[in-house]
Amino acid sequence: RTHQIRVHFATLGRPLVSDQLYGRQSLSRHTAWCRRLFLHCSRVSLRDIDGAACSARAPLPDDLCSALGTLSRVDEDQVQLSS
């Protein structure tokens, strides 16, 4: 189920940034500031076959940090959500 997260968010009306498959038609607006799918797993935890906990963390990649740096704040009264 490689697309499950993407499908769920799109179904909720909140597709992932730069999602060419499940995103909105305004994709070119997104790819101008984020050239790839904005999806990142920062932490994963699981148990090995003996039941011992194992976890790994990964910082946000540089390209996604740069993409966030290009954004500006929008006040709530300026937001128009489409349904």
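Arg6 and Asp19 form a salt bridge, with their closest N and O atoms 2.6 Å apart; the term denotes a side-chain nitrogen of Lys or Arg within 4 Å of a carboxyl oxygen of Asp or Glu. This pair links distant parts of the chain, since Arg6 belongs to helix 1 (residues 4-11) and Asp19 to the loop between helix 1 and helix 2 (27-31), 13 residues apart. Helices (H or I, at least four residues) and strands (E, at least two) are DSSP runs, numbered from the N terminus. Both Arg6 and Asp19 are buried. Buried stands for under 20% relative accessible area, exposed for over 50%, and partly exposed for values in between, with a 1.4 Å probe and protein chains only.

The model is predicted, so local features need pLDDT of at least 70 and side-chain atom pairs count only at pLDDT 80 or more, while totals for chains, interfaces and linings use all residues. Residues are numbered from 1 along each chain as its sequence is written, and side-chain values use heavy atoms, with hydrogens and water left out.

Across the whole structure, two salt bridges are found. Side chains of opposite charge can pair when their charged atoms come close. Besides the pair already described, Asp63 forms a salt bridge with Arg36, where the closest N and O atoms are 2.6 Å apart. Here too distant parts of the chain are linked: Asp63 sits in helix 3 (residues 62-69) and Arg36 in the loop between helix 2 and strand 1 (43-47), 27 residues apart. Asp63 counts as partly exposed because its relative accessibility is 38%, and Arg36 counts as partly exposed because its value is 33%.

The strands come next. Strand 1 and strand 2 (residues 53-57) pair in the antiparallel sense over five bridges; two strands pair if DSSP finds at least two bridges between them. Within this pairing, Val44 stands opposite Ala56 of strand 2, and Leu46 stands opposite Cys54 of strand 2. The hairpin of these strands has five residues between them, and Gly51 takes a positive phi near 90° there. Strand 1 lies largely in the open, because zero of its five residues are buried.

Cysteines complete the tour. Cys54 counts as partly exposed because its relative accessibility is 46%, whereas Cys41 counts as exposed because its value is 51%. A search of the whole structure finds zero disulfides, a disulfide being a pair of cysteine sulfur atoms within 2.5 Å.
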